[in-house]
Amino acid sequence: MTPAPARRLVLLGATGSIGAQTLDVLTRYPDIARVHGLAVGGSRPRLVVEQVLAHRPEHLVVSEPERAGAVSDAVGAACREAGIPAPRLEYGQAAVTELAGSLGPGDVVLNAITGSVGLLPTLAVLASGARLALANKESLVVGGDLVTREAAPGQILPVDSEHTAIAQALAGVRPEQVDHLVVTASGGPFRGRTRDQLADIDPEQALAHPTWAMGPVITTNSATLVNKALEVIEACFLFDLPEDRVEVVVHPQSIVHSMATLIDGSTIAQASPPDMRHAIGWALAHPEKLPGLAAALDFSTAQSWTFEPVDETTFPAISLARAAHREGRGAMAAYNAANEEAAAAFLAGRIR
Ligand code: NAD
Ligand code: MG
């Protein structure tokens, strides 16, 4: 048996879409890191059991206290049956933040929590000196100034296909050589519709994303283009640019994940079939490359990649977010908070 790697990993939001794909990447590339701790919401105790048996974390945190009992019972019984020590279990939001900050330089924390509740864990990771693989874009939207001030150069590696793409496009490029960034958007399930045609959309229609399988909130945000709006702000903070130097273009095939246009007129793009394991593996292994991480493009069959402007009349989310970024201070937090409430109300069937 090969010895366990020295590098430790804490995964926040382990049972979500990004969380589960992260553990999938670690199963295939066990040398990246050993799983030190998992934080989960607690709504999927059986998946937590599978993850604990497969990855043997020392720590397990359930963020929702009322779900901790069920998770604890299920994990305890499964570990007894398997004859392995159970992870130390804690619960509550403060325990998530404590776990997030419990590692140090050389280790990595992947924050795949949904929503602004991910901000305090993000700040805790940055203070600890560990690498922050950041899927929780809301951290940057609500606390961009704070987060970028706390981050050491290179400490944050984005786990968002667009920003992972831009980071790769900018490898070897100096900041003053960048003219602008071009963030691609699939356009979501309602591309081509008018506002009137969207009046009676229900959650099931909004959750049918054409190219990506993701958690319910980000999928809803993709249908409204709020996700792209959050990503414009995310790009401004990650790459230190004003919003008018971050363009958005609709690219329905989701193959070109984003681009950077340089001052000499050259545009550098990163392209691969849509698969978040690419972004996850990039952020965990950087600067190494994981062989065979995800399928590569296959040009033996004909394909076309198309690009079109955003319909800002039907989808005002991006221009609103730009205004919030120009305004600064609390405006972006207010934008995100309004959206978190609206998305929750829509998914619960309370608003159209
Ligand atoms: P998801 O809803 O599938 O998973 C989020 C998980 O976090 C859930 O399992 C939930 O139980 C857990 N959780 C909630 N609050 C928690 C807390 N306080 N502590 C620990 N766990 C908590 O969402 P997702 O699609 O995996 O997205 C996660 C984040 O990654 C979001 O910010 C999203 O915008 C971003 N992101 C996702 C994708 C994707 O492909 N899914 C791509 C890019 C970025
Ligand atoms: Mg994205």
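Which residues of the largest nonpolar core touch the most other members?

Two notes on the model. This is a predicted model, in which local features need pLDDT of at least 70, side-chain atom pairs count only at pLDDT 80 or more, and totals for chains, interfaces and linings use all residues. Residues are numbered from 1 along each chain as its sequence is written, chains are lettered from A and ligands numbered from 1 in the order in which they are written, and side-chain values use heavy atoms, with hydrogens and water left out.

Now the core. Leu12, Leu170, Leu181 and Tyr335 touch the most other members, out of 63 residues in the largest nonpolar core. Such a core is a set of buried Ala, Val, Leu, Ile, Met, Phe, Trp, Tyr and Cys residues joined through side-chain atoms within 4.5 Å. Buried means under 20% relative accessible area, exposed over 50%, partly exposed in between, with a 1.4 Å probe and protein chains only. The greatest contribution comes from helix α10, residues 226-239, with 9 residues. Helices (H or I, at least four residues) and strands (E, at least two) are DSSP runs, numbered from the N terminus. A second, separate core has 41 residues, including Leu38, Ala68, Trp212 and Met276. In soluble globular proteins, nonpolar side chains tend to be buried together.

Take leucine 181. Beyond its neighbours within four places in sequence, its contacts (heavy atoms within 4.5 Å) include Ile166, Leu170, Ala235, Phe239 and Met259.

Next, ligand 1. There are 25 residues around it, and Ser17, Ile18, Gln93, Glu138 and Gly215 come nearest; to be near, a residue needs a heavy atom within 4 Å. By type, the shell divides into 12 nonpolar, 10 polar and 3 charged residues. Here Ala, Val, Leu, Ile, Met, Phe, Trp, Tyr, Cys and Pro count as nonpolar, Asp, Glu, Lys and Arg as charged, and the others, Gly among them, as polar. A backbone N or O atom of glycine 41 lies 3.2 Å from an oxygen atom of the ligand, and for glycine 215 that distance is 2.8 Å. Taken alone, ligand 1 exposes 820 Å², and the protein buries 89% of that; the areas come from the Shrake-Rupley method with a 1.4 Å probe, and for residues only the protein chains shown count as cover. Elements giving two or more residues to the shell are α1 (17-28), β2 (34-40), α4 (93-100) and α9 (216-224).

Now helix α11. Because 8 of its 10 residues are buried, α11 is largely enclosed by the rest of the structure. Among the buried ones are Met276, Trp282 and Leu284. The cover includes β1 (8-12), α1 and α7 (161-169).

Last, the backbone. Most residues other than glycine have a negative phi, and most peptide bonds are trans. The peptide bond from histidine 286 to proline 287 is cis, with omega near 5 degrees, and proline 287 sits in the loop between α11 (276-285) and α12 (317-327). Arginine 56 has a positive phi, near 50 degrees, in the loop between α2 (45-55) and β3 (59-62). Leucine 225 also has a positive phi, near 70 degrees, and lies in the loop between α9 and α10. Is leucine 225 buried or exposed? It counts as buried, because its relative accessibility is 4%.

Conventions. A polar contact is a pair of N or O atoms within 3.5 Å; within protein, one must be able to donate a hydrogen and the other to accept it, and residues adjacent in sequence count only if both atoms are side-chain atoms.
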